[in-house]
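Reader: I would like to learn how to read the packing of a helix, taking one feature at a time. Could we begin with the model itself in view?

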Amino acid sequence: PNTLQSFLVPAIYKLNSPHDSSRKKVLEILAHINKRIKPHISIQLPIEQIIEQYLDPESSVLLKNINVIYLEMGFTRAPLELKIKLAPSLITGISSRPSPHQEMFLHLFLSVIE
């Protein structure tokens, strides 16, 4: 697997750190990653692991919000087979998620069944 597949999700997880300096450094790293990957839609993101991390009850609000950003970016780039496989996990328990996240998850789900 490439570096992004191996290290993106663990880097995002570091946002759960109780230390402001750690969270700040992670956000700097993620900003750098964003600059590199946004223009290259062929770069695949580890969306299955991003969904798992989002659904983890230990994930902070910040962690969930960042996961949503990468999920949305990665889902649009993913092969259809993977989207179909992951679609049910997008809507399972959707009513317990924050409203903006509900809308995004539903939008991604609907993009698969269209």
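Reader: Which are the buried residues of α5?

Author: This is a predicted model, in which local features need pLDDT of at least 70 and side-chain atom pairs count only at pLDDT 80 or more, while totals for chains, interfaces and linings use all residues. Residues are numbered from 1 along each chain as its sequence is written, and side-chain values use heavy atoms, with hydrogens and water left out. Buried means under 20% relative accessible area, exposed over 50%, and partly exposed in between (1.4 Å probe, protein chains only); helices are DSSP runs (H or I, at least four residues), numbered from the N terminus. In α5 the buried residues are Lys 83, Leu 86, Ala 87 and Leu 90.

Reader: Where do the buried residues of α5 fall when seen down its axis?

Author: The arc is taken from the directions from the helix axis to the C-beta atoms. For α5 the buried residues fall within an arc of 150 degrees, so they line one face of the helix, whereas Glu 81 and Lys 85, on the other side, are exposed.

Reader: Against which helices do the buried residues of α5 pack?

Author: Contact means heavy atoms within 4.5 Å, and the buried residues of α5 pack against α3, α4 and α6.

Reader: What follows α5?

Author: Gly 93 follows α5, and its phi is positive, near 70 degrees.

Reader: Which residues does Leu 8 contact, leaving aside its neighbours within four places in sequence?

Author: With those neighbours set aside, Leu 8 has contacts that include Leu 30, Ile 33, Ile 50 and Tyr 70.

Definitions and conventions:
Helices (H or I, at least four residues) and strands (E, at least two) are DSSP runs, numbered from the N terminus.
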